[in-house]
Amino acid sequence: MLETATHSPVYRLGGLTLTCLSDGHLLIPGTYFPNADASEKEKVTPHTRFGANTWLVETGTRKILIDAGSGTSLKDRFPASGALDWRDSRLAARRDGITDVVVTHMHADHIGGLASQNRSLFPKARIHVQEKEWAFWTDEALLAAAPDDRKPMIALIQSLARPLTDQIVRHSGEADLGGGVRLLPAPGHTPGHQIAHLSDGDGEILLLGDVVVSDTLQFSNPDVTYALDRDPEQAVETRKRLFEWLTADEIPFAATHINATGLCRLEKRAAGYGFNPL
Ligand SMILES: [Zn+2]
């Protein structure tokens, strides 16, 4: 059950309510950080813990789910993933109440919870994706051209996306969803990766998706790349740009894989950055 799965911090920003929902965690091999140096590699060997955070934003008239976790799609490899289990029949009313879903990007740990057995679990919702992201992952040629070790991941994404097709709202660049919720492109990790910006009057919150994946490595050294970054250089550029913004304006933020379910604040340190849960 959603309510008892984990502690779910709730924040209010003017008329917006943000609930942080943990989908469990994933143990990621240290070998997934190709340019980390020896001392950094040691910190993530043999594996490092990724949180798996998702968010619900309520605006008064709308309930916007931002990412949906893994569902059952990654259970074999990551047994502690998919804790939210949106398939649960007791959650039917809550699923039906979701008016919009924002997909930060289409990796299975973000969209696996949207579909089960070839059917959408949120059939009434508009699902907001960047056009670039949708076009990239649903291209049949991508699967054909992929190296063998990437084919299962791409096939999984395509099978999860198929039942959602009729609900997809494609955005090209920034998108204002109304009620203080905006989507901002933050490419690199994937071609159409996007983040959510919440605002009401003076207050702001940023929900970063996978702009930063490893809290152990990438705050202290934002140059560390990740094996699943589609364009590692662009991912680094995006991360640095957003870290600058977060510190300059002291904006509370959350990110999918950091090991803190609630909001944090970023601070500059002698080397790189550090994050402090609020
Ligand atoms: Zn992810």
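## Strand pairing in the open sheet

Ile 64 stands opposite Asp 100 in strand E5, and strand E4 (residues 63–66) pairs with E5 in the parallel sense over 3 bridges. The model is a predicted one, in which local features need pLDDT of at least 70 and side-chain atom pairs count only at pLDDT 80 or more, while totals for chains, interfaces and linings use all residues. Residues are numbered from 1 along each chain as its sequence is written, and side-chain values use heavy atoms, with hydrogens and water left out.

E4 and E5 belong to an open sheet of 7 strands in the order E1-E2-E3-E4-E5-E8-E9, with mixed pairing. Its edge strands, E1 (10–13) and E9, each pair on one side only. From one strand to the next the twist averages 25°; axes are lines fitted to C-alpha atoms, for helices over the stretch in contact, and angles between N-to-C directions run from 0 to 180 degrees.

## Strand E8 and its neighbours

Strand E8 (residues 126–130) is mostly covered, with 4 of its 5 residues buried, where buried means under 20% relative accessible area, exposed over 50% and partly exposed in between (1.4 Å probe, protein chains only). E8 runs parallel to strand E5 (residues 100–102), to which 3 bridges join it; Asp 100 has Arg 126 in E8 as its bridge partner. E8 also pairs with strand E9 (residues 168–171), again in the parallel sense, over 4 bridges, and Ile 127 stands opposite Ile 168 in E9.

## Packing of helices H5 and H7

Two packed helices are described by the angle between their axes and the distance between the axes. For helix H5 (residues 131–138) and helix H7 (residues 151–161), the axes come within 9 Å and cross at roughly 120°. H5 is therefore oblique to H7, since angles under 35 degrees count as roughly parallel, over 145 as roughly antiparallel, 65 to 115 as roughly perpendicular and the rest as oblique. From H5, Trp 134, Trp 137 and Thr 138 meet Met 153, Ile 154, Ile 157, Gln 158 and Ala 161 of H7, contact meaning heavy atoms within 4.5 Å. The residues of this contact divide into 6 nonpolar, 2 polar and no charged; Ala, Val, Leu, Ile, Met, Phe, Trp, Tyr, Cys and Pro count as nonpolar, Asp, Glu, Lys and Arg as charged, and the others, Gly among them, as polar.

Ile 157 lies in helix H7 and counts as buried at 0% relative accessibility. Beyond its neighbours within four places in sequence, Ile 157 is in contact with Met 106, His 107, Ala 108, Ile 111 and Trp 137.

## Aromatic pairs

The model contains 10 aromatic pairs, a pair being rings of Phe, Tyr and Trp (its six-membered ring) with centres within 6.5 Å; planes under 30 degrees apart count as stacked, over 60 as edge-to-face and the rest as tilted. The rings of Phe 136 and Trp 137 have centres 4.9 Å apart and planes at 85°, so this pair is edge-to-face. Phe 136 is buried at 17% relative accessibility, and Trp 137 is buried with a relative accessible area of 4%.

Phe 243 and Tyr 273 form another edge-to-face pair, at 5.1 Å centre to centre with 65° between the planes. This pair links distant parts of the chain, 30 residues apart: Phe 243 is in helix H8 (residues 232–248) and Tyr 273 in strand E16 (residues 273–277).

E10 pairs with strand E11 (residues 181–185) in the antiparallel sense over 3 bridges, and the bridge partner of Asp 176 in E11 is Arg 182. The hairpin has 2 residues between its strands, and Gly 179 takes a positive phi near 70°.

Note on methods
Pairing = 2+ DSSP bridges.
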